[in-house]
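Trainee: I am new to this structure and would like a close look at a single part of it. Could you take me through that part carefully, and then show me what else there is to see around it?

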Amino acid sequence: MVTLVLPRLLNIAATTRRSASMVERNVATLKWVYWLLLVSGFAEPVLYLFSIGVGVGRLIDGMTLPDGRVVEYAVFVAPAMLASSAMNGALAETTFNFFGKFKYQKLYDGIIATPVRPIEIALGELAWAMVRGSAYSAAFLAVMVAMELTTVGRALVAFPAAVLTGFAFGAAGMALSTFMRSWQDFDLMGSAQFVLFLFSGTFVPAEAYPAVLRWLVEVTPLYRAVHLLRGVCVDGGGWPVLPDVLYLLALTVAGLVVAARRMAGLLYR
Amino acid sequence: MKRFGDFSAVAGIDVAVLPGEAFGFLGPNGAGKSSTMRMIGCISPPSGGELRILGMDPVRDGPAIRARLGVCPQLDNLDPDLTVRENLTTYARYFGVPRRTARERAAELLDFVQLTERADSKVEPLSGGMKRRLTIARALVNEPDIVLLDEPTTGLDPQARHLVWERLFRLKQQGVTLVLTTHYMDEAEQLCDRLVVMDGGRIVAEGSPRALIEQHSTREVVELRFAADSQEAFAEKLDGLGERIEVLPDRILLYVADGDVALAQVEARGLTPAAVLVRRSSLEDVFLHLTGRTLVD
């Protein structure tokens, strides 16, 4: 038993250790400019919340939820802003920054000569992206609680859900980045990101769309994340959000596997 | 006895490097040197044949093997976001070296490659020679058993080259196995106990620098320069002198056992070259003889 389990445990320990060394590298590069970046990433969803959730919300008498309850528009919009901020935070790190390090800095070419493997680079970079993404989410949840858009208890449940959202988008973004040929390709991704932001049940419930469109919207990852976070922040979670959690977990694993495979193929020439 | 290598690659090479040895792969560009080095470094899976490094299989035991290798690639891939010192400490962490040890080793290595004064500088403003030295230092942070150096001094000025050679020689004295590629003959003669000459992915000669010269060249070479455009005409008159004669656009090379004797014979034939140089045969003569004078890339 011990001889069977021990190598596997050691392997997990080694993988964790090596992934952590990747995170450590990123910590060493931290400069004050980075903090500015962090502030701008946080400010964006807050500004949306104020301009649309509160501003436009004044013009709307209240949102009727699928179960018939009526809530303030800001209550409806805030969890969606949380989801998209988790998405943007994770993507910024695992697409632009990751691509630059991979293709132009040739950073990973130097690292693969050490015991660190591509999957460990991917895990480390994703974990690092989540440090940033989680900071955004925590700050945004604090704003939501302060504005009485959710309760402290629900915010505490929403935090890990937001982190999961970040992991899913971070992993997917990293996988996509391995297919990018140049910076131009990121324009396409930026557009896709914006379309997701507008139509994932963020500002209008997906139930408002025609059946086909609604079905299409409901399979997109940001819709699942919005559904999950709205479920937690407004209703306190429960079984209805289980499919969302499974979906985001699957996306995380799939993204990581694809990213690691593609990286190995590109690096181990 | 530990066997480090016994493998065939590219078009087919068969080599065994012994512990503590300084082994060189020589060859023109495109000979397959870098591909071979990448395979040994476990970052490029061999497409056929057998490769054993430190007795392990590079495909299965990649991380375990790489833990004991130090790699200095052909192109520096230092971390541009980090300082000189951080490049060493961070790299050490990839190997799982404890932080404290990493800091101590970084300080020793910076001293070893004479970069202590630049420790807190970024990488980008460093000169080519400094970057190269830093890359070599980085290859040593895990105290490797084998150091792989792909063209360690290409593009360096003479001072930097000699400094690198001297450091590599000290490593060799400490018992570290060195495997290097180069197309500098003086580098191979200075550093390598044994080497192979590669061309087109195959090995065309193998042995110590001395043995290769004895085997593939004569002991001495006489270089004769005549008036421009008349080399061919004079070459005919030199027929029969020495073991081999090579006519270049600007000079004639006579491969002979004794240069002074040959020169006397040249003069006896009534020929008076504009300039004469008698020198010992070098690895460069072997190299050019084996791989040709034509530019390959």
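Mentor: Let us begin with B:Val179, which is found in strand S4 of chain B, the stretch that covers residues 177-182; please keep in mind throughout that this is a predicted model. Leaving aside residues up to four places away in sequence, B:Val179 touches B:Val17, B:Phe23, B:Ile40, B:Ile146 and B:Leu148. B:Ala139 lies 40 residues from B:Val179 along the chain, and the C-alpha atoms of these two residues are separated by 13 Å.

Elsewhere in chain B there is an open sheet of four strands, which has the order S8-S9-S7-S10 and antiparallel pairing. Strands S8 (244-247) and S10 (275-280) of chain B each have a single partner strand and stand at the edges, so one side of each is left without a neighbour in the sheet. From one strand to the next, the twist averages 15 degrees. Strand S7 of chain B, residues 220-225, is joined to S10(B) by six bridges, and these two strands run antiparallel; B:Glu223 stands opposite B:Leu277, which is in S10(B). Packed on this sheet is helix H10 of chain B, residues 259-268, which touches S7, S9 (252-256) and S10 of chain B, and whose direction makes about 35 degrees with that of S7(B).

Chain B also meets chain A, with 20 residues of chain B in contact with 22 residues of chain A. On the side of chain B that touches chain A, helix H2 (62-66) and helix H3 (84-94) of chain B each supply at least two residues, and the largest share, five residues, comes from H3(B). Sorted by class, that side of chain B has 10 nonpolar, five polar and five charged residues.

Within chain A, finally, the axes of helix H6 (residues 152-177) and helix H9 (residues 221-235) come within 9 Å and cross at roughly 170 degrees. An angle over 145 degrees counts as roughly antiparallel, and H6(A) and H9(A) are therefore roughly antiparallel to each other. Among the residues that make this contact are A:Val157, A:Ala161 and A:Phe169 of H6(A), together with A:Leu228, A:Leu229 and A:Val232 of H9(A). By class, the contact of H6(A) with H9(A) has 13 nonpolar residues, one polar and one charged.

Terms used: Residues numbered from 1 in each chain as written. Chains lettered and ligands numbered in written order. Predicted model: local features only at pLDDT ≥ 70, side-chain atom pairs only at ≥ 80, totals over all residues. Axes fitted to C-alpha atoms, helices over the stretch in contact; angles between N-to-C directions. Parallel < 35°, antiparallel > 145°, perpendicular 65-115°, else oblique. Contact = placed C-beta atoms within 7 Å. Nonpolar A, V, L, I, M, F, W, Y, C, P; charged D, E, K, R; others polar. Pairing = 2+ DSSP bridges.
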